[in-house]
Amino acid sequence: MLAQKWPEAKCELDHGNPYELLVATILSAQSTDKMINTITPALFAKYPDATALAQAEPGEVEPLIFKSGFYRNKTKSLLGMARALVEKHGGDVPGTLDELVQVPGVGRKTANVVLGNAMGKTEGVVVDTHVMRLSQRLGLTTSDDPVEIEQDLMKLLPREQWTPFANRLIWHGRRVCFAKNPDHDNCLLAPLCPSSSIVTLKPAAKKPVAKKAGKRAAKKRARS
Ligand code: SF4
């Protein structure tokens with residue numbers, strides 16, 4: 001159903017190769033893909049590969065990524081990543097999860113994004129905030145730990161669906177199943193979704209009234 005709804009779902013960070021997607025994904029923490037897409041063209045023009053970025057000074061990179069937020073920490077991550085790629089992988093992005101997660105600033109999520117979307121390799125499922133939230137709401141996991149959620153999804157999905165399914169969940173999370181006020185009424189998954197009627201941010205004003213009514217009724221019953 002998600003594939004029919006979002007046939008165009010893909011990673012929304014603009015990139016032309018694994019290095020660019022790695023940089024963009026590191027930058028995307030605490031920011032939006034739209035914002036990152038506005039700053040990466042200038043960054044990639046100045047530093048087209050890990051070798052160029054590895055030689056940069058923090059003061060040269062910071063102004064270019066300032067708008068993404070947390071620019072000092074992100075600059076450190078980018079330079080650490082680029083220098084590790086040069087020192088250990090000849091400037092290339094390594095093609096396995098085990099190697100990628102050894103690179104400074106790269107965790108499982110970032111590694112899965114790069115492997116699945118820029119290298120055509122499927123080693124895991126991207127579990128970002130959207131995948132986490134939707135997997136829980138859809139009843140695909142009971143965990144709130146990203147690594148456990150990833151394991152649950154890997155067991156449920158055929159391997160060739162790991163990357164496309166995560167991209168579709170992310171699209172659905174951004175367009176319909178919002179963190180606040182999910183749009184159940186316009187969600188094609190509502191008939192199947194165990195959260196379609198229970199995930200709501202409407203004020204729970206009726207609860208205390210019901211409790212009081214319950215207490216009154218109980219007292220009445222006790223008296224009678
Ligand atoms: S029915 Fe609601 S909670 Fe379930 S996936 Fe759709 S929007 Fe999200």
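From the N terminus on, the elements of the protein run α-α-α-α-α-α-α-α-α-α-α-α, and the secondary structure comes to 12 helices and zero strands, where helices (H or I, at least four residues) and strands (E, at least two) are DSSP runs numbered from the N terminus. This is a predicted model, in which local features need pLDDT of at least 70 and side-chain atom pairs count only at pLDDT 80 or more, while totals for chains, interfaces and linings use all residues. Residues are numbered from 1 along each chain as its sequence is written.

The mean pLDDT of the protein, pLDDT being the predictor's confidence in each residue from 0 to 100, is 91, and 88% of the residues reach 70 or more. Over residues 202-224, however, pLDDT stays under 50, and for these residues the model has zero contacts beyond four places in sequence; a contact here joins two residues whose C-beta atoms, placed from the backbone, lie within 7 Å. Among the contacts in the protein with a separation of 6 or more, 56% are accounted for by residues 24 or more positions apart. Of the 224 residues, 33% count as buried, a residue being buried if 20 or more other C-beta atoms lie within 10 Å of its own, exposed if 12 or fewer, and partly exposed in between, with C-beta atoms placed from the backbone.

In soluble globular proteins, nonpolar side chains tend to be buried together.

Tyr19 is found in helix α2 and counts as buried because 25 C-beta neighbours lie inside 10 Å. Not counting residues up to four places away in sequence, Tyr19 touches Asp49, Ala50 and Val93. Ala111, placed in helix α8 (residues 108-118), counts as buried because it has 26 C-beta neighbours inside 10 Å, and its contacts, leaving aside neighbours within four places in sequence, are with Leu97, Leu100, Val101 and Val106. With the sequence neighbours within four places again left aside, Ala166 is in contact with Val125, Val126 and Val131.

Val131 is also one of the buried residues of helix α9 (residues 129-137), the others being His130, Met132, Leu134 and Ser135. What covers these buried residues of α9 includes α10 (146-156) and α11 (162-175). Just after α9, Gly139 takes a positive phi of about 80°.

**Loop residues and pairs apart in sequence**

Most residues other than glycine have a negative phi. Gln30, in the loop between α2 (18-27) and α3 (33-46), has a positive phi near 60°, and Gln30 counts as exposed because 10 C-beta neighbours lie inside 10 Å. Phe70, in the loop between α5 (58-65) and α6 (71-89), likewise has a positive phi, near 45°, but counts as partly exposed because of its 14 C-beta neighbours inside 10 Å.

Two further loop residues are Gln55, between α4 (50-54) and α5, and Gln161, between α10 and α11. Gln55 is partly exposed, with 13 other C-beta atoms within 10 Å, and Gln161 counts as partly exposed with 15 C-beta neighbours inside 10 Å. The table lists C-alpha to C-alpha distances for these residues and for two helix residues described above.

| Pair | Separation in sequence | C-alpha to C-alpha distance |
|---|---|---|
| Gln55 and Arg83 | 28 residues | 8.0 Å |
| Ala111 and Val126 | 15 residues | 8.4 Å |
| Tyr19 and Pro48 | 29 residues | 8.6 Å |
| Gln161 and Thr122 | 39 residues | 9.0 Å |

**The ligand shell**

Around the ligand there are 14 residues, of which the closest are Cys177, Pro182, Cys187, Cys193 and Ser196; a residue is near a molecule if its C-beta atom, placed from the backbone, lies within 6 Å of it. By class, this shell has nine nonpolar, three polar and two charged residues, where Ala, Val, Leu, Ile, Met, Phe, Trp, Tyr, Cys and Pro count as nonpolar, Asp, Glu, Lys and Arg as charged, and the others, Gly among them, as polar.
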